[in-house]
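Look at the structure first, then read on.

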Amino acid sequence: DVQENDSRTKVRFVSDHPGGGAWTEVVSFEEKNCKGERKYWMMLTKGFILGGFEKRLGIPFYDYNKNQAKEVYLTSNKPYHLFFVDSLLSNVGRNMIQHNLSGVYINYIFEKDKNYELFYKSSLSNPKVELYLITENKKELVSVFDNKISNQNKNCLKSLRMKPKSIFKKN
């Protein structure tokens, strides 16, 4: 998403999801309210992820395992339309099915040369994303996003009610 010469910022994505066949997906959309092309960004969990890897850029106050947090460069001064989704795998007959359980939509413009953290607090009834601004000496809460229905997120929350999708069939 970021070109070498772009003005950019560092953003850490974190989830407190415990794992055990469940995880948090982060996806982006071209337009507000989850419209336009959907792009898968990352999977986060405190648990095991096959092929999981550490992605750090040196943002201070890092205290997470390698699957729980990822740090990335984003283009600054550009609107981002992001959706954090709790997902769960279950066995249905010979199929593995992915269920979307809850989620939080955020629309935000990150400022140049700053460090941010988006911390997803997993919950079926009240998930939220806490946005922090991070300096060398301080981690300051800037905003909290929730899943209360509004004009900003109603299409995103509708997408959670999609039929579960089959991931793969067991032999």
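## Charges over rings

A charge sits over a ring if NZ of Lys or CZ of Arg is within 6 Å of the ring centre and within 35 degrees of the ring normal. The model shown here is predicted. In this model, the charged end of lysine 121 sits over the ring of phenylalanine 119, at 4.6 Å from the ring centre. Arginine 56 does likewise with tyrosine 62: its charged end sits over that ring, 3.8 Å from the centre.

## Aromatic pairs

Searching the whole structure gives 10 aromatic pairs. One of them joins tyrosine 80 and phenylalanine 110. Their ring centres are 5.9 Å apart and their planes meet at 55°, so this pair is tilted. Tilted pairs fall between the cut-offs of 30 degrees for stacked and 60 for edge-to-face.

Where do the two residues lie in the chain? Tyrosine 80 is in strand β5, residues 79-92. Phenylalanine 110 is in the loop between β6 (95-109) and β7 (115-121). The pair therefore ties together parts that are 30 residues apart in sequence. Tyrosine 80 is buried, at 3% relative accessible area. Phenylalanine 110 is buried too, with 0% relative accessibility.

Tyrosine 108 and tyrosine 116 make an edge-to-face pair. The distance is 6.1 Å centre to centre, with 75° between the planes. Tyrosine 116 counts as buried, at 2% relative accessibility.

## The cluster

Which residues form one aromatic cluster? They are Phe13, Trp41, Tyr80, Phe84, Tyr108, Phe110, Tyr116 and Tyr120.

Notes
Residues numbered from 1 in each chain as written. Predicted model: local features only at pLDDT ≥ 70, side-chain atom pairs only at ≥ 80, totals over all residues. Heavy atoms only, no water. Phe/Tyr/Trp six-rings, centres within 6.5 Å; stacked < 30°, edge-to-face > 60°. Helix = DSSP H or I, 4+ residues; strand = E, 2+ residues; numbered from the N terminus. Buried < 20%, exposed > 50% of the residue type's maximum accessible area, 1.4 Å probe, protein only.
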